[in-house]
Protein chains: 2
Amino acid sequence: MLYESGLMKRGGRRPGNPNTREAILVAARELFAAEGFDATTIRKVATAAGVDPALVHHYFGTKEDLFRAAVSAPVDPAEFIPKIFARSREEIPEALARTFLGVWDDPVTGRPFVAFLRTAVGNRVATKLVSEFFGIQIQRRALGALHTGIPAAEVPLRSTLVASQLLGLALTRYVLRFEPLASAPFETVVASITPALRHALYGPIVVPA
Amino acid sequence: MLYESGLMKRGGRRPGNPNTREAILVAARELFAAEGFDATTIRKVATAAGVDPALVHHYFGTKEDLFRAAVSAPVDPAEFIPKIFARSREEIPEALARTFLGVWDDPVTGRPFVAFLRTAVGNRVATKLVSEFFGIQIQRRALGALHTGIPAAEVPLRSTLVASQLLGLALTRYVLRFEPLASAPFETVVASITPALRHALYGPIVVPA
């Protein structure tokens, strides 16, 4: 729903024929799962769905937009991650904690994220899609172009360590709801996780050869 | 399967009538989900399954054993957590990383854990069960009786922060398989996560009033 409203705002696109939309989404899920994000093209999805590629663009926008629709991702991390990393090196860990917690703590933006994480973990097809998307797209786009002083060779491992921190928090606080973490105040959680994020970003790590 | 073999070794119990076993498991899942771990008793499960309580004990052992069977938990964390925490305060963070990674990296013990995590996250009923079990049982039994010098008031939050670290790693390395973390060597991961575990155990945190 959030995605839909975002889509409408961004492109002013129409929801279109529900059957056509659904056929495109089904084809997209199958292709993303079978061939991965990079190898899947709008053209291939259109062919599989029996529609014109222009219609796929018209309904869903870019390939990334289509992917998010296919896996029901509630927001586009590529939109807010660069904002966090535009801050100073010193401020980034806490800004990351605050932004992430802010999105997940908010009932409106948080609930679709919980559903998204549940789907990504519980469903093997969705897992592969999400792994492709986060592993390749976010790393490449958002974390790859930083001004944090992190050596390029360390960016891939550090970005997955950050993901490990944030997804671990999401899992325990919002999905499994382990107490007292689930009910801990915003500021408590920010203070508790910022040092671990700082370590993941800047601390000593061993980069595999 | 691991659980089954463990069960057979521990108690020498027999698998029993498959229909009766299944009826007990179904009743147990329903009761654990509806009433929680503490309020569910072997007697209530037996009544719901239409069998004698002695038969539930005979097939499944204790209530914890029954719970693990109901959610298919592959091993009993209460068995290995005390061993880790018997070490010196300084050694605990790395021992925790090594033990956790050792279990998950091993194809035999790791695969059921991945299935367990998938189930716990993807299925709402299982989520509640796992949350109860880890949140209450592990915290109470394993982490509550430590000799780490952690103030008692901080044990609950710190234990959930440790869970957040370890489950985040499990999610990214083994379930979502984010690269390069998924393929990183054992020692790389140990070195990368130990400082975050050290922080979760001993670092400055804000304990909610």
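Is Asp105(B) buried, partly exposed or exposed? Asp105(B) has a relative accessibility of 30%, so it counts as partly exposed. The cut-offs are under 20% relative accessible area for buried, over 50% for exposed, and partly exposed in between, with a 1.4 Å probe and protein chains only.

Before you go on: this is a predicted model, in which local features need pLDDT of at least 70, side-chain atom pairs count only at pLDDT 80 or more, and totals for chains, interfaces and linings use all residues. Residues are numbered from 1 along each chain as its sequence is written, chains are lettered from A in the order in which they are written, and side-chain values use heavy atoms, with hydrogens and water left out.

**Exercise 1. Describe the fold of chain A.**

Step 1. Start with the elements: chain A has 11 helices and zero strands. Helices (H or I, at least four residues) and strands (E, at least two) are DSSP runs, numbered from the N terminus.

Step 2. Turn to burial. Of the 209 residues in chain A, 54% count as buried.

Step 3. Look at contacts, meaning heavy atoms within 4.5 Å. Among the contacts in chain A with a separation of 6 or more, 68% come from residues 24 or more positions apart.

**Exercise 2. Work out how the two chains meet.**

Step 1. Superpose the copies by least squares on the C-alpha atoms of residues with pLDDT of at least 70 in both. Chain A is laid on chain B with an RMSD of 0.0 Å by a turn of 180° and a shift of 0.0 Å along the axis. The two copies are thus related as by a two-fold rotation axis.

Step 2. Compare the two sides. Of the interface residues of chain A, 100% are also interface residues in chain B, so the copies meet through the same surface.

Step 3. Size up the interface: 44 residues of chain A are in contact with 44 residues of chain B. The area buried between the chains is about 3700 Å², with carbon and sulfur atoms giving 72%. Buried area here is the accessible area (1.4 Å probe) that two parts lose on being put together, summed over both. Arg118(A), Val121(A) and Phe178(A) supply 17% of the area that chain A buries against chain B, more than any other three residues.

Step 4. Look for charge pairs across the interface: the rule finds zero salt bridges there. A salt bridge is a side-chain nitrogen of Lys or Arg within 4 Å of a carboxyl oxygen of Asp or Glu.

Step 5. Name the elements involved. Those giving two or more residues to the side of chain A that touches chain B are α8 (107-122), α9 (124-141), α10 and α11 of chain A. α10(A) gives the most, with 13 residues.

**Exercise 3. Trace salt bridges within the chains.**

Step 1. Begin with the total: the structure holds 10 salt bridges over all chains.

Step 2. Pair Arg98(B) with Glu187(B), whose side chains meet at 2.9 Å, N to O. Arg98(B) is in helix α7 (residues 92-105) and Glu187(B) in helix α11 of chain B, 89 residues apart.

Step 3. Arg173(B) lies in α10 and Asp105(B) in α7 of chain B, so the pair ties together parts that are 68 residues apart in sequence. Arg173(B), at 4% relative accessibility, counts as buried.

Step 4. Finish with Glu154(B) and Arg158(B), a salt bridge at 2.8 Å between the closest N and O atoms. Both Glu154(B) and Arg158(B) are buried.
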